[in-house]
Amino acid sequence: MRSSKFLPLLFLLFLSNSLWAQIITTEPSFPTENSEVTIVYDATEGNGELEGFSGDVYLHTGLITDNSSNGGVWKYVPYGWTVNDESMKATPLGDDKWGFTYSPSVRDFFGVSSGEEVEQIAIVFKGVQNGEIVREGKDTGGSDIFIDLFTGETNAQFLSPDKEFVILNDNESFELEGAGSTNAGTLSLTLFKNGNEVLSDTSETLTYNFTPTESDTDVTFDLVADNGQNVTDTASVFFTVVDENKSETPRPEGLEDGITRNADGSVTLSLFAPSKEYVHVIGSFNDWTPKSDYLMNIEHHGSDSTWFWIELDDLEAGDHAFQYLVDGEVRVSDPYSELILDPFNDQYITDNTFPDLMPYPSEETEGWVTYLREEQDYTWEASDYQRPDKEELVIYELLLRDFLNENNFQTLTDSLNYLENLGVNAIELMPVSEFDGNLSWGYNPNHHLALDKAYGTPETFKRFVDEAHKRGMAVILDVVMNHASDPNPFFQLYGNDDSYYFNSQARHAYNVFNDFDHSYSGTQYYNKRMIEHWIDEYKIDGFRWDLTKGFTQNCSGDSGGCTNAPQTDRIKVLKKYADYQWAADEDFIVIFEHLGQESEEAQWANYRVDEGKGIMLWGNMNHPYSEATMGYHDGGKSNLYGVLSESRSSFEKRYLVGYMESHDEQWLMLKNRKFGNSSGDYDITDLETALGRQKLAGAFFFTLPGPKMIWQFGELGYGYGDNGEQCLNESPDCPSFAPGRTAEKPIRWEYFQDEERLKLYKTWKELIRLRKSSPVFTDPVSASYSLSGSTKTFTLEHDDATVVAVGNFGVTETTVDVNFTNSGEWFDFFSGTSVNVSGADFDLNLDPGEFKIYSTKDFGSPDEELVTSNEEFSNGNIPTEFQLKQNYPNPFNPSTVISYQLAGGSEVSLKVYDMLGREVATLVNERKSAGSYQVHFDASNLSSSMYIYRLQAGGKVFTQKMMLIK
């Protein structure tokens, strides 16, 4: 049980282990791992989240020991972050203070193993009210609080200042206070200034008033505690003095904000920080101390335009890390960092993913740190790469975390053959810029120019892009510039201050995290630099801009009406961002996720389109395709017309990126398996039938004009599991125990080994190949569409070919009136057969889920049977008799077509025999309705000979002979 030790509060505040501006005071002043330790926590000195808080306050606590890996991993944590156990509840003391006791000792409280030395107590306070947790730490990021534990018999510490360094203006004084303790001998305290003794005392405390002289720019004070028996302990504090009248020094001409690596090996840093007074650079090269040599120069152009800059010309070879210490208070990484060190998550990145990663300097600093990694050479190889035209794009969207078991760039590179074989010509990666945590969708960005190390090194990412280009595939990045999370350096500097980067409240209906003000010139410059960085450094081919509706300042407190209406400021700034992209790469692919409001989207789609540019728009068709594959069509709910750019009549080009699924939508297969329609024996919830519906959907997706996008594993029928694990957790689709919407989903590469799922992959592969085979699919001269009912058809015409497609999206057999544009030979793509058409209109009998793609040009059929088809074709009339026709061609090598007709529904058996009467093939063995049929017979595995094929139907038996000659 914890003991109550909070009555002598004034005594505790006077003699305390003062940490982080008195956030924590301790009793005793020199706590040890073997003593009981009482702490008092002052919420007014932390990040302020618990100031005035009236709920319960709990400790999330642990230890740093000599066995803590990566220099700072917590050990012996009693409870997880979400557990609020009564034993961890702090005692309210009033005045925003809470107390807690580690009893009977620190070691006993945590149950520390023998032989392990405890170095620090680690704490984050959390307020709990109405089930919500508020995080309280020592800074705006809520980072961890650490209490040092003392081990020596003689100890020294500074009570004031309570941190390792102090920055003074040249006209300021400071009173130092030191304390010591000993358990043997006679204590004496001596204070040294830059190695020279300035004060000595035999009491337990001493004070000294430091008034800087002109030569006092960098001063170190050492406090030495001596017990008179040759046992001493030393505490140190550093002072640097800032000249308030320091003259301005203009930046070198052309210097950009951020980090510039110069040809001579030096590095120039530039930080735009209006309203700030002074900035030091602290880092691995100066012991993380704000020394006067690292005080940045100032270039000032009024209160709203202040730059701080410095040239570092003495950096040793190798990796370095640094931060800006702004006005002596706020530590921030460089906003334009290309890599950062994360105090919370780097420890979980494996050496296989990021070899030789610099450890986070946990004993030196706090917060996010710029990682100035030694430059690594990379030689680009795909120098002659030409990206696909916009209208021809087939984009594969993927999230590394849920796509690969080892989710890094090198493994993704090794998987490119899978995507190349599928036939996609672009890969869209969900955000790979630095985001909070290591396991995320990536829409919580904190450093927009930094590659997230959880996915790999810059070199492995470059190799991935290079290898994709070698295969003719573009790489498109999902960029998230609507908002930033709290670790963003601009947020650390200014918070939600309407004068600078972020709005005090969201200016649109859909915001998360901190809403950027895109009317601010600094935000626009940040976007420009983000664009240039990914294009110049990584040769990226395009961006998909997330949540572009948020780029307005006009809709504060809006529930959606204003945000969804056209906004002039949004139109203007997004055109400017498009210009930035095309200035960096004239053919760059620009895609907006705007999702609606054609009058606004058209202004982007048609922007500079006469120059071959224009902006592409995401076209969400998840609901219509879901209804179509499930087999529901009443009221036009399965109308697929919206997947076409033609559905946006104001678009001058086919720039609508149609998709059936994305990361935001429920999987079609889940809908099929859970809610699919049925009739008789035909049930869409059956796995094989559901996969067949995916083939049908693909036939009316990939072959339609306009750019297309698919979401990872759609080609294998992903999206259903008995335990709800393949489910975007959205009621009523998912059970309550299903993973959260953005939580990790199971990776199902074993689906590729499943015969029926593999057939879906191959079917989509063949459809994509067909799409690429002719401009008729991407640039038809004329087209007609009927895509709203249970039977869907379209016709595409071009000088190269004419295509007619028909599909039965219903759940019962149907007859379709097919309108061929001309007489002559038409090739059936999936069956490999052809028909001679003598008139324009023909009736085609289709089973539920069946489809046909006919063309006037032979594009070459798949090498294997991928779709179930009754191969039925009739000239508008039901046959009047049962008949088996002579195969064609005959003789044949190695395949032929066998035709037969049924005057009525019947059980049908069609088999092939050799001349000794041995059965060599069964071509049909099922019930068929009345109609005319064609069956493709492949005899590749047979020898040259005469064969007999026999039809049993309608109580009759028919036979014919055919000759195979090889």
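Contact means heavy atoms within 4.5 Å. Helices (H or I, at least four residues) and strands (E, at least two) are DSSP runs, numbered from the N terminus. The structure is a predicted model, in which local features need pLDDT of at least 70 and side-chain atom pairs count only at pLDDT 80 or more, while totals for chains, interfaces and linings use all residues. Residues are numbered from 1 along each chain as its sequence is written, and side-chain values use heavy atoms, with hydrogens and water left out.

**Exercise 1. Characterise the backbone at Phe713, Pro889 and Pro891.**

Step 1. As a reference, most residues other than glycine have a negative phi, and most peptide bonds are trans.

Step 2. Phe713 has a positive phi of about 70° and is not a glycine. It is placed in the loop between strand 39 (708-711) and helix 14 (755-772). With a relative accessible area of 1%, Phe713 is buried.

Step 3. The peptide bond from Tyr888 to Pro889 is cis, with omega near -5°. Another cis peptide bond joins Asn890 and Pro891, where omega is about 0°. Pro889 lies in the loop between strand 48 (883-884) and strand 49 (895-902), and Pro891 is found in the loop between strand 48 and strand 49.

**Exercise 2. Determine how many salt bridges the model contains, and examine the pair Glu33 and Arg107.**

Step 1. A salt bridge is a side-chain nitrogen of Lys or Arg within 4 Å of a carboxyl oxygen of Asp or Glu. By this rule the count is 43.

Step 2. Glu33 forms a salt bridge with Arg107, and the closest N and O atoms are 3.3 Å apart. Glu33 lies in the loop between strand 1 (24-27) and strand 2 (37-42), and Arg107 in helix 2 (residues 106-110), so the pair ties together parts that are 74 residues apart in sequence. Both Glu33 and Arg107 are buried.

Step 3. For Glu86 and Lys89, the closest N and O atoms of the salt bridge are 3.3 Å apart; Lys89 is partly exposed, at 21% relative accessibility. In the salt bridge between Asp287 and Lys291, the corresponding separation is 3.8 Å. Asp287 is exposed at 55%, and Lys291 is partly exposed at 27%.

Step 4. A network of salt bridges links Glu381, Glu420, Glu467, Lys470 and Arg471.

**Exercise 3. Locate Ile123 and list its contacts.**

Step 1. Ile123 is in strand 6, which spans residues 118-129. With a relative accessible area of 0%, Ile123 is buried.

Step 2. Leaving aside neighbours within four places in sequence, Ile123 is in contact with Ile39, Leu59, His60, Thr61, Trp74, Tyr102, Asp144, Ile145 and Ile147.

Step 3. Between Ile123 and Thr232 there are 109 residues of sequence separation and a C-alpha to C-alpha distance of 30 Å.

**Exercise 4. Summarise the overall dimensions and secondary structure of the protein.**

Step 1. The protein has 14 helices and 54 strands. Its C-alpha atoms fill a box of roughly 120 × 60 × 55 Å, taken along the principal axes.

Step 2. Of the 966 residues in the protein, 57% are buried.

Step 3. Among contacts with a separation of 6 or more, residues 24 or more positions apart account for 69%.

How values were computed:
Buried < 20%, exposed > 50% of the residue type's maximum accessible area, 1.4 Å probe, protein only.
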